Amino acid sequence: MGLKSNLHNLKEKYKGTKMAPAFNAIHTFLYLPNETTHNGTHIKAADDLKRTMNIVIMAMVPCLIFGIFNAGYQHYAAIDAAKGLATEVSLFGNFLTWDNFVVGAWTVLPLVIVSYGVGLIVEFIFAVIKGHEVEEGYLVTGMLVPLIVPVDIPLWMLAVAVIFGVVIGKEVFGGTGMNILNPALTIRAFLFFAYPTWMSGDKVWVHEAVAKTGQPDAISGETILGSLAQNKSVVYDAWDMFYGFIPGSVGETSTLLILLGALFLVFAKIGSWRIMISSVLGAIVMGLIFNGVVAQGWISESSKFYALMNTEFWMHLLIGGFAFGTVYMATDPVTASQTNKGKWIYGFLIGFISIMIRVFNPAYPEGVMLAILLMNVFAPTIDHYVVQGNVKRRMKRLKVKTA
């Protein structure tokens, strides 16, 4: 008997028991359900939850692969820098190499395994306890989490954060489709506030930088935002920022690949282009305001905010996690605004607040996470007032017609 037949027999054996959702989930994940609609009044479409989740994951796979190679490249580049050797990146020369892949895979893939393993176990437990089918929403969250954390974060910390994020960020609200906060960002927020030394600084972004602290062969890997927050100048070329050859979270560095992922999601009618564009506009407006403040001489060069305020407005789009958060998390259909006008307002405020937090909070110069979580909370309120505004306008038109 084949695997599908065995799974079907297990489904039938445990049908009606608490373990039924677990076997149903495994069967549905690997195969189509045995019962499908062939006729009648049902609407048939290919855009089910599983297809949606798989497309989002496919849009993130290039970022994951690039992150693996970049983890290895940043590791060896930091070692060369510690020896006083200058390293100039070459895509086929010293980036897409076997050594970089081995180091990157050794550090990044365990993050993916822990994220999916722990998260899906929690999902299965809740499905068995509550007696419902295992929901597929964590398929995307499980991929997002390893892409938004430092490469060397301890696996046990990640496991604890995943448990917290799935339970508190989603299951307590009723599961997939009911949560008000993005689960992946809830996990990252937990990590930042519970273990801040592993989520910021100039060591956690490069493999072995923490382990070698205080040793003769110590290495460093400060991010661009970390340097700017300390009023240091940026040493990376703009094209390196765009392509992603810089230290940072595993999957957040390559703006180019994130942009391609955004186009893919928009083309597949899954990601909201309104939210993406409005977020960029909000960030540009805030960046221009800060550039204007510097240009007018309203802030001195000795101010701790000067370097970030003086950063070119367009550069804010290339550094940190802004692009990744805008494309893959701000557009989450569950936690984002649902109305078209609401999406413009929601996205604009995310971009605007992201750069504001980035500049005014040097201790945590990456503001996109907090901005998205904040707007997740206000998304229903935005939609409420948009809908009420439409109702009032229609009522006015109705009164004019009946007068």
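Let's start with Trp 156: its relative accessibility is 51%, and since the cut-off for exposed is over 50%, Trp 156 counts as exposed. Keep in mind that this is a predicted model.

**Aromatic pairs**

- Searching the whole structure turns up 21 aromatic pairs.
- One of them joins Trp 156 and Tyr 195 edge-to-face, with 5.5 Å centre to centre and 80° between the planes.
- Trp 156 sits in helix 7, while Tyr 195 is in the loop between helix 8 and helix 9 (224-229), so this pair ties together parts 39 residues apart in sequence.
- Buried or exposed: which is Tyr 195? Tyr 195 is buried, because its relative accessible area is 19% and the cut-off for buried is under 20%.
- Phe 305 and Phe 360 make another edge-to-face pair, at 5.5 Å centre to centre and with 85° between the planes.
- That pair ties together parts 55 residues apart in sequence, because Phe 305 is in the loop between helix 12 (273-295) and helix 13 (306-310), and Phe 360 is in helix 15 (residues 340-360).
- With 45% relative accessibility, Phe 360 counts as partly exposed.
- There's also a cluster linked by ring pairs, made up of Phe 66, Phe 69, Tyr 73, Phe 95, Trp 98, Phe 101, Trp 239, Phe 242, Tyr 243 and Phe 245.

**Helix 8**

- How far apart are the end C-alpha atoms of helix 8 (residues 183-194)? They are 16 Å apart, which agrees with the 16 Å that its twelve residues should span at 1.5 Å a residue.
- Asn 182 caps the N-terminal end of helix 8, placing a side-chain oxygen 3.0 Å from the backbone nitrogen of Ala 184.
- Helix 8 is mostly covered, with nine of its twelve residues buried.
- Those buried residues are Pro 183, Ala 184, Leu 185, Thr 186, Ile 187, Arg 188, Ala 189, Leu 191 and Phe 192.

**A nonpolar surface patch**

- Which residues form a nonpolar patch on the surface? Phe 164, Ile 168, Val 172, Phe 173, Met 178 and Ile 180 do, and together they have about 510 Å² of accessible area.
- Val 172, one of the patch residues, belongs to the loop between helix 7 (155-169) and helix 8.
- Val 172 counts as exposed because its relative accessibility is 53%, and the cut-off is over 50%.

Technical notes:
Residues numbered from 1 in each chain as written. Predicted model: local features only at pLDDT ≥ 70, side-chain atom pairs only at ≥ 80, totals over all residues. Heavy atoms only, no water. Helix = DSSP H or I, 4+ residues; strand = E, 2+ residues; numbered from the N terminus. Expected span 1.5 Å × (residues − 1). Buried < 20%, exposed > 50% of the residue type's maximum accessible area, 1.4 Å probe, protein only. Polar contact = N/O pair within 3.5 Å; in protein donor to acceptor, adjacent residues only side chain to side chain. Patch = residues over 30% accessible without salt bridge, like charges linked within 9 Å, V, L, I, M, F, W, Y side chains within 5 Å. Areas by Shrake-Rupley, 256 points an atom, 1.4 Å probe, with all protein chains shown as cover. Salt bridge = Lys/Arg side-chain N within 4 Å of Asp/Glu carboxyl O. Phe/Tyr/Trp six-rings, centres within 6.5 Å; stacked < 30°, edge-to-face > 60°.
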